[in-house]
Amino acid sequence: MYLSPTTGKYELADADGAADLRRPRGIALHAAGIGQPLRIHKEGDLTMDGLTAGVTYYQSPNPGGIAPRADVLTGDYVTVIGVAKSTTVLAVDIQFPNVASA
């Protein structure tokens, strides 16, 4: 999720989107409709499914997603979201160097 400077609300981040979309602030903990409250996980251990232990996860070029490095394509902006400590725990530590993948 990134914080839109236009609306002041959280929206889906995107590794190949416009400048504001490329800077994620955290991971949404649940779905929310327009104008509804949203909880964002910004740092530390997060329990979730579908991880591979030891893999570093990045902001995906698919809006709102995370992915392994292989899914980040040339021209996408590389943002580390965290490292999987197990198949169910992601150690979230967002690092945004604002550099496109070569």
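Which residue lies over the face of Tyr58? Arg69 does, at 6.0 Å from the ring centre. A charge is said to sit over a ring if NZ of Lys or CZ of Arg is within 6 Å of the ring centre and within 35 degrees of the ring normal. Arg22 gives another case, with its charged end over the ring of Tyr77, 3.6 Å from the centre. Aromatic pairs are another matter: a search of the whole structure finds zero of them. For that search, rings of Phe, Tyr and Trp (its six-membered ring) pair if their centres lie within 6.5 Å, with planes under 30 degrees apart counted as stacked, over 60 as edge-to-face and the rest as tilted.

Before going further, a word on the model. It is a predicted one, in which local features need pLDDT of at least 70 and side-chain atom pairs count only at pLDDT 80 or more, while totals for chains, interfaces and linings use all residues. Residues are numbered from 1 along each chain as its sequence is written, and side-chain values use heavy atoms, with hydrogens and water left out.

Let us turn to the sheet. Five strands form an open sheet in the order S5-S9-S8-S6-S7, with antiparallel pairing. At the edges are S5 (43–47) and S7 (66–68), each of which pairs on one side only. From one strand to the next, the twist averages 35 degrees; here axes are lines fitted to C-alpha atoms, for helices over the stretch in contact, and angles run from 0 to 180 degrees between N-to-C directions. The labels follow DSSP runs numbered from the N terminus, with helices being H or I of at least four residues and strands E of at least two. Two strands pair if DSSP finds at least two bridges between them. As a reminder, strands of a sheet pair through backbone hydrogen bonds, either parallel or antiparallel.

Five bridges join S5 to S9 (residues 89–95), and the two run antiparallel; Thr47 has Val89 as its bridge partner in S9. S9 also pairs with S8 (residues 80–84), in the antiparallel sense over four bridges. Among the facing residues, Ala84 has Leu90 as its partner in S9, and Val83 stands opposite Ala91. A hairpin of four residues joins S8 to S9. Continuing across, S6 and S8 pair in the antiparallel sense over three bridges. S6 (residues 56–59) and S7 are likewise antiparallel, over three bridges. Tyr57 takes part on both sides: its bridge partner in S8 is Gly82, and its partner in S7 is Pro68.

What is packed together here? The largest nonpolar core has eight residues: Ile27, Leu46, Leu51, Tyr57, Ile81, Ala84, Leu90 and Val92. Such a core is a set of buried Ala, Val, Leu, Ile, Met, Phe, Trp, Tyr and Cys residues joined through side-chain atoms within 4.5 Å. S8 and S9 each supply at least two residues of this core. S8 is mostly covered, with four of its five residues buried; buried means under 20% relative accessible area, exposed over 50%, and partly exposed in between (1.4 Å probe, protein chains only). Leaving aside neighbours within four places in sequence, its contacts include Ile27, Leu46, Leu51, Tyr57, Ile81 and Ala84, where contact means heavy atoms within 4.5 Å.

Beyond its neighbours within four places in sequence, Lys85 is in contact with Asp45, Ala53 and Ala91. Lys85 and Leu3 are 82 residues apart in sequence and 27 Å apart in space, C-alpha to C-alpha.

Asn62 lies in the loop between S6 and S7, and at 54% relative accessibility Asn62 counts as exposed. Leaving aside neighbours within four places in sequence, Asn62 is in contact with Ala13 and Asp14. The C-alpha atoms of Asn62 and Gly17, 45 residues apart along the chain, are separated by 9.4 Å.

One last stop lies in the segment after S9, the place of Asn98. Most residues other than glycine have a negative phi. Asn98 has a positive phi of about 60 degrees although it is not a glycine. Asn98 is partly exposed, with a relative accessible area of 43%.
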